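Subject: Structure for your files

Hello,

Here is the structure for you to keep. Please open it first; my notes follow below.

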Amino acid sequence: MAAPAMTVLFLRPGETVDNGHDLSAAAVVATSLTAFALLFVVYYNLVTALVARREELVLKRLRSGEITDVEILVGTALPAVAIGWAQTTVGFVAAIAALDMAMPVNVLLVIAAIPLGTVVFVLLATASTAVTRTVEMAQVTTLPVLLAPLALSGLPFPLTRLPNRGKSSPT
């Protein structure tokens, strides 16, 4: 649990970030921590957990009982989701304490976005297990899903630095 707080302190940037928006550096750090928690803690861990349980025939044994598929998925996802949400919470608290992050303008949107994002990544992890044959292959099959959101989100570099294709530049 110290990792999110240490990440906030380590990434302690200046007051503003050149991200093309009027976001504070603290908001960018908190958003980054949330994205990393959903991608790595929820998505990647759930893919490897489901594939490992499938390889060991645990899922087959569970499905032969009275438990439904949704209950099996929720039971498998719950530890990763709890850790991801705890890390997000610690990251937000650290960003508020260390970087003087202001409360979001629309708190309800943030409260809705995290569970909805979690549902998306849990379902994406479940779908990814169809192409992941072994736990070792999870490193390869999850890579596109891990890299695409990171590269296209503006977290590693501001999207304003990308060239504007389709828009003509004023001359």
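**Confidence and ground rules**

The chain has a mean pLDDT of 81, and 74% of its residues reach 70 or more; pLDDT is the predictor's confidence in each residue, from 0 to 100. This is a predicted model, in which local features need pLDDT of at least 70 and side-chain atom pairs count only at pLDDT 80 or more, while totals for chains, interfaces and linings use all residues. Residues are numbered from 1 along each chain as its sequence is written, and side-chain values use heavy atoms, with hydrogens and water left out.

Residues 14–19 stay under 50 in pLDDT, and the model has 13 contacts beyond four places in sequence for them. Contact here means heavy atoms within 4.5 Å.

**The core**

Helices and strands are DSSP runs numbered from the N terminus (helices H or I, at least four residues; strands E, at least two). A nonpolar core is a set of buried Ala, Val, Leu, Ile, Met, Phe, Trp, Tyr and Cys residues joined through side-chain atoms within 4.5 Å. Buried means under 20% relative accessible area, exposed over 50%, and partly exposed in between (1.4 Å probe, protein chains only).

The largest nonpolar core holds 18 residues, and those touching the most other members are Val42, Tyr43, Leu46, Val47, Phe121 and Val122. Two or more residues come from each of helix H2 (25–55), helix H4 (69–99), helix H5 (107–128) and helix H7 (143–153). H2 gives the most, with eight residues. Beyond its neighbours within four places in sequence, Phe121 is in contact with Leu38, Leu39, Val42 and Tyr43.

Leaving aside neighbours within four places in sequence, Thr34 is in contact with Thr88, Phe92 and Ile114. Val28 is also in H2 and counts as buried because its relative accessibility is 17%. Between Val28 and Met101 there are 73 residues in sequence, yet their C-alpha atoms are 9.7 Å apart in space.

Leu57 sits in the loop between H2 and helix H3 (58–63). Its phi is near 65°, a positive value in a residue other than glycine. Leu57 is partly exposed, with 45% relative accessible area.

The expected span of a helix is 1.5 Å times one less than its number of residues. H4, with 31 residues, reaches 43 Å from its first C-alpha to its last, close to the 45 Å expected. A kink of about 40° lies at Leu78 in H4, shortly before the proline Pro79; the bend at a residue is the angle between axes fitted to the seven residues ending there and the seven starting there. Just after H4, Asp100 has a positive phi of about 55°.

H5 has 22 residues and spans 31 Å between its first and last C-alpha, close to the 32 Å expected. Its buried residues include Ile114, Gly117, Thr118, Phe121, Val122, Ala125 and Ser128. An α-helix has 3.6 residues a turn, so residues three or four places apart point the same way.

**Salt bridge**

How many salt bridges does the count come to? It comes to one, with a salt bridge defined as a side-chain nitrogen of Lys or Arg within 4 Å of a carboxyl oxygen of Asp or Glu. The side chains of Arg63 and Asp69 form this bridge, at 2.8 Å from N to O. Arg63 counts as exposed, at 54% relative accessibility, whereas Asp69 is partly exposed at 44%.

Regards
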